[in-house]
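Work through the following exercises with the coordinates open, and compare each step with the solution given.

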Amino acid sequence: MPNPTMDVFDKNFKRTGTLIDAYEIERRRRLNSDYELSFFVPMTSDDYIEKIQMKGHVRDERGQFYVINSRKRDRSKKKLTALITATHVMFKMNDYKVPYDDYVAEAYGVHITTLLDKISVWTGGRFTFQVHDTFDLWDIKDFGRTTALAALNQVVNLFGAEIRPDNFVIHIHKKIGDQSDRFEYRTKKNIISDSFKDDGNGLVTRMYAQMKDGRNWIGMSTDILTAEERSLLQSVPGAIVNGEIRVNYLLSPYVNYWGSDSVPYFDGENVQQDIEDPIELLKSTRDELRKKEMPAIELAITSADLHKIDRDERPPDLGDAATAYDPDMEINRIELRIVELTEYPYSIDQHSKVTLANFALKDDIDLIADLERSRKVMDNLLSGGRIRTEVFESFARQAVVDINNSKTEIKYDTRGIILQSRPNPLGQVVLTSDGIMFTSDGGDTATVAINHEGIAAPAIVGQLGSFVSMLIGSGNDVTQINTKGIAAGHADFNSAPFRVDMKGNLIANKLTANYAQIKSSNFSDGDIIGATINVGNGKFTVSRAGYVYAEGGLFSGGTITGALFRTAASGARVEINSTGLRTYDSSGVERISIAMGNDSGMGSIHFAKPGGSGAGMIDGSYLGLLITSFGTLFLGALGGDVQIQGNVAFSPGASVSGLNIGISQVFGLQAQLESLQSQIRSLQLNFSGHTHTVTTAHHNHGNPNNAPNTGGGTYQTSTP
């Protein structure tokens, strides 16, 4: 069917036209894997002759660009056709080699965005990332050794992420697709054909675990387990002893459902060489067990694309949660996810093919992250149990090239098989009947020798395997590693001044560390971060929240600066902070304050009554010192005197009561009174025996009824 809608571009994204004659356009997408577009086009058409270019691009109806990587030409009688295969532009990241200087050998507690930002820089900013969920921090190892796409694959696997590419913007989710509105596949609705497979070969009900250097969580407290995990392990004798975990596995809650008398457990192992934290190993093992404690279910459906004829129907999308119902096939409302989707977006009569599963399908090329032929060869060669001949041929050709380009050549002489370096013929690996010798001088001396007696080597580079015992030195001047642990300084492990047992307990005569981490506490350059402190059996403590308690202390010199000093947390106390000093009674009422908020700022002392109302204040202002009482002011000197120096002024109208003071105690008062007394006595003597007359006018004393012109006359006074 002619297609007038799919556009085609050259390698620089310059549009070259529309693919008119393309047909059987098929798009295949797989979760965290292939995004591939393929179609047929006549070789005689303008589409093929003028528009389609190797490493050019096509754009589908979703606006996504695909790189034209393959053109397979076919003749059928007089008909010439070409099968064009294109991959999503996301896979261009495989063309960006990581600079050697940016390779990360090992790092701890890395955020996902840190690694994604590095990948973006490696592509010159051509690819960017948007993270839509919150991911835990992870330790990384050997990051960025190959290409930008391989690095992205490492991030996806390490953080358990899923990707949704939008051309050069890669969206990072914990789960892509719609997880709330489940897409429904049902007979008599949209299922044309289906096939259903459940597989118990990979079933696991007891998952063992180990991380870097073969370590695990044995010896740790059961507090790190969930209640369900703890209950399941407690049913196994010896699995938990004295609150400590003694086994390096987790049990599935379905262990009794799937187990039998002959096979009680289905064992699996989770090996994570990039993990160094037992808690992270526990999380990883828990997730792996959840994935494998039920049989793997895979459902392939050819479904009617109802959305092509009914706009109310939504199309399925990769990662969507889905429900399938076909009772004749024993499919009864099974809840799965769409992990693979083959679509025919430009054809009405061709319908989508979906694969639903309760696990992530393993892909031959695993996101095409490891396109180097030396990686995952078997995954590349096999697909669905069939040999992929085109990949095998490509691999074989590459193998011949690798052999021809090898820097080592094989020779045979009287010593045996000789692997000789081409750049330096003196560098050899000699395989003899008595062992293997590594030499750098053509075989005169061995730098490393391996035979039935053991290994002789001046240095070993890399990781050693599992050993029962290793001893370096002689006498008591030794370092030893054995089943008890690691020790140094004595042949007897228990007498060694330095030893670490299998539970992680450390004894050392002296420790000098530039940096040390103890659980969640950091001791660095004299600083203690994130820890509690207890000195003197509780006499001096600092809580994890930063609260300090000290039973006593002596401070000499220097300055103590703080936000708040108080003698008690509540009740009767004294408090000092940047705004002043305050005292509180046992009821918590503020009684005395020297504070910024007072009338004269820090120059005023306020006093309050038990109820909190004002009692008075002492105010040092520009007028002088003011002592004010809001009630009675009492000045007392018990056993002494109240002495007032300077002038005393009473305000107008002031009264004094209850004053008991002797005349002699008032300066000059006694002499003044005696002078007045003398003058009075003198007047009395002058008037003694003296008389005289007094004449008054007539008057009626204010009463009109009295006779007028009366009441007057002359009268004689008496002798005083």
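**Exercise 1.** Determine how the axes of helix H2 (residues 112–122) and helix H3 (residues 148–159) are placed relative to each other in this predicted model, and state which residues of H2 meet H3.

*Solution.* Two packed helices are described by the angle between their axes and the distance between the axes. Taking the distance to begin with, the axes of H2 and H3 come within 10 Å, and they cross at roughly 170°. Because angles over 145 degrees count as roughly antiparallel, H2 is roughly antiparallel to H3. Turning to the side that H2 contributes, Ile112, Leu115, Leu116, Ile119 and Trp122 make the contact, and their counterparts in H3 are Ala148, Ala151, Leu152, Val155 and Phe159. Sorted by class, this contact of H2 with H3 holds 10 nonpolar residues, with no polar and no charged ones.

**Exercise 2.** Describe how strand S15 (residues 206–211) pairs with strand S18 (residues 249–251) and with strand S19 (residues 267–272).

*Solution.* With S18, strand S15 runs antiparallel, and three bridges join the two; here Tyr208 is found opposite Tyr249 of S18. With S19, strand S15 pairs in the parallel sense, over six bridges, and in S19 Asn270 is the bridge partner of Ala209.

How values were computed:
Residues are numbered from 1 along each chain as its sequence is written. This is a predicted model: local features need pLDDT of at least 70, side-chain atom pairs count only at pLDDT 80 or more; totals for chains, interfaces and linings use all residues. Side-chain values use heavy atoms; hydrogens and water are left out. Axes are lines fitted to C-alpha atoms, for helices over the stretch in contact, and angles run from 0 to 180 degrees between N-to-C directions. Helices (H or I, at least four residues) and strands (E, at least two) are DSSP runs, numbered from the N terminus. Angles under 35 degrees count as roughly parallel, over 145 as roughly antiparallel, 65 to 115 as roughly perpendicular and the rest as oblique. Contact means heavy atoms within 4.5 Å. Ala, Val, Leu, Ile, Met, Phe, Trp, Tyr, Cys and Pro count as nonpolar, Asp, Glu, Lys and Arg as charged, and the others, Gly among them, as polar. Two strands pair if DSSP finds at least two bridges between them.
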